[in-house]
Amino acid sequence: MALFRQASVKNKLILTSVLGSGTALLLVGAVITSYDLVSLRNALVRRMSVQAGIVGANAASALLFNDPESAEATLAALKGDPRILAAGLYTEDRRLFAIYGSEPLNGKRLMEESLSDTRDVHRMRGGRLVLSRSIPFEQRTIGTVVIVSDLQEVTSSMTRDVVIFASVLLISLLLALFISSRLQRDISQPILDLAQTARRVSQEKDYSVRASGERRDEIGTLVTAFNEMLSEIRQQEGELRAAHDRLEQRVAERTVQLQAVNKELEAFSYSVSHDLRAPLRHIAGFAEMLDASCEGLNDGGRRCIQKISQAAGRMGQLIDDLLIFSRMGRSEMQAVTVNLASLLKEVLVEAQPDVKGRVIDWKIEPLPMVSGDRAMLRLVLANLVSNAVKYTGKSASARIEIGVAQDTDREVVIFVRDNGAGFDMTYASKLFGVFQRLHRADEFEGTGIGLANVQRIINRHGGRTWAEGELGRGAVFYFSLPRRLEAAA
Amino acid sequence: MSEVKRIVLVEDSENDIELTLAALEEHHLANEVVVVRDGVEALDYLYRRGAFQTRPIGNPAVILLDLKMPRMGGLEALRTLKSDATLRTIPVVIMTSSSEERDVVDSYNLGVNAYVVKPVKFQSFVEAVRTLGLFWAVLNQPPPGSVRRVA
């Protein structure tokens, strides 16, 4: 069955018709042969029975008058039938009275074996039919005739039957094979064509090919449906391609627009960088010079000048930070494998001047390898560390922990925890905004750009930033980085 | 104090000129400063053309060059003088408000000798100008052909 299942459609069709016709012929042959066998045997038994009856009738007087010679003469008449090998006449008390036969000894044994209580019997054994008939005379049985006949006739007839049947079977099978292999083409060829077309479609993605075969049967329906399906796919593919092209075109247009905007932005930041700083510098410079040159200036005047200088300095810082922030959004990301642990080590070394004279309890867990832009991730760590250092500045015993909050196949989450000033969770959403501050500048220095930078960098890496905090109790800052860096925005 | 060599300051902003000179003056480095207002004037000076036809022969010890100026900006002036064999050896320091990476890269590609971003804080500015002046006009040994101030 498994072999049949693996066979090609063509072979299946041939096999089916050959097997079908073969099985039918075999059945018919078997029935006919069996019927032949039974009827031939019955005919033989009938004939022998008649012979035995005749012999019995003829030999009755010989038995009555105890004349074995006459009985043997009667038996000898059986010579006319070549099928009869032996015959015997037995008296009522089963004594052999007369015998005839071409092989009397063997015949005698067979005959005596068949002398049973029930007289009229026949049995077939060893290619011989042994038949016994009682001889009646005036309401009583006076003896038994036993005939041994050859079954050769039945056997040869059977053999002939079988030979004829086998020849017919062979010829029929050959004919069936011939016809089915001719006819199967009509069924299998369109299927093979269809399979070939389907293969071509699936391998070459060529939806313009069509399966051949205009027919009225189910295969024709299949071919038509298949072709319709291909047309449908082709049409949809065309639409899809058109949509894709439109999209591409739109992307190209948008890209041009974006590039223009980006250029403008660059020009803007360039002029901010250059043109806005110059007047600031002048304000600061001349204020200083005023302070230095006017000895007659009173304390109020000096305070004003100091304020002017400070404000100019602060604005310079804001401009610088803003420029860094805008650059961070525009500069290209270079994704490499980054060892966060060694990056943190560098950041901590760099932070040394800020922690000078401070007692900070550092708790640094081992950090994993991630993929991302090294310089940007360094800025993230630097910002978070410097924030933690800054906001623990007023804590009696500062503690800063850095470690892994979560590490899955999908992403890794790093946290930086401090026990510093903390923040009110009500304003948590403002933490990462540009120039958003939750503390006054005179409490803690800063322009409010650091966390905005952190968020921008992490977002560009496809990660998230969030924070938990409590006023006066400290804060935890988290950032996540995807394990597999998607195309960076 | 050792002799102060000639400095050419190329700067269009009056305020910047005043502040720079004030800073140099604080350290007595201002005497030998020649101020020109843009790249064209700077090249006129170096080639002894136009208003500078009559100036004595000799190259300055250093050129302090601003980037954004009318007519001819700093980068263009830099390109011209660095491609001239007689001027190429003059040390040029870009002094500008811009810290744009593009400008820094372009300047160094053109062969600038130093690139300084003017600090907003006056004290830092004075310090920067002083350092520059001291280094280029006093400490540094300029290439042959530079004018020396008559002691």
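Residues are numbered from 1 along each chain as its sequence is written, and chains are lettered from A, ligands numbered from 1, in the order in which they are written. Since the model is predicted, local features need pLDDT of at least 70 and side-chain atom pairs pLDDT 80 or more, while totals for chains, interfaces and linings use all residues.

**Entry 1: chain A against chain B.** I looked up the contact between the chains and found 16 residues of chain A touching 16 residues of chain B. Contact here means C-beta atoms, placed from the backbone, within 7 Å. On the chain A side, H6 and helix H7 (299-330) each supply at least two residues. H6(A) gives the most, with 12 residues. By class I noted 6 nonpolar, 7 polar and 3 charged residues on that side. Nonpolar covers Ala, Val, Leu, Ile, Met, Phe, Trp, Tyr, Cys and Pro; charged covers Asp, Glu, Lys and Arg; the others, Gly among them, are polar. Helices are DSSP runs of H or I with at least four residues, strands are E runs of at least two, and both are numbered from the N terminus.

**Entry 2: H6(A) on H1(B).** Next I checked how H6 (residues 218-293) of chain A packs on H1 (residues 14-26) of chain B: the angle is about 45° and the axes are 10 Å apart. Axes are lines fitted to C-alpha atoms, for helices over the stretch in contact, and angles run from 0 to 180 degrees between N-to-C directions. That makes H6(A) oblique to H1(B); under 35 degrees would be roughly parallel, over 145 roughly antiparallel, 65 to 115 roughly perpendicular, and the rest is oblique. From H6(A), I listed Ala278(A), His282(A), Gly285(A) and Met289(A), which meet Asn15(B), Asp16(B), Leu19(B) and Ala22(B) of H1(B). This contact has 4 nonpolar, 3 polar and 1 charged residues.

**Entry 3: H2(A) and H3(A).** H2(A) brings Val55(A), Asn58(A), Ala59(A), Ala62(A) and Leu63(A), and H3(A) brings Ser70(A), Ala71(A), Thr74(A) and Leu75(A). I noted 6 nonpolar, 3 polar and no charged residues there.

Entry 4: Last, I found E3 (residues 121-125) and E4 (residues 128-137) of chain A paired antiparallel over 5 bridges; pairing takes at least two DSSP bridges. Arg125(A) stands opposite Arg128(A) in E4(A). The hairpin has 2 residues between its strands, and Gly126(A) in the turn has a positive phi of about 55°.

Notes:
Two residues are in contact if their C-beta atoms, placed from the backbone, lie within 7 Å.
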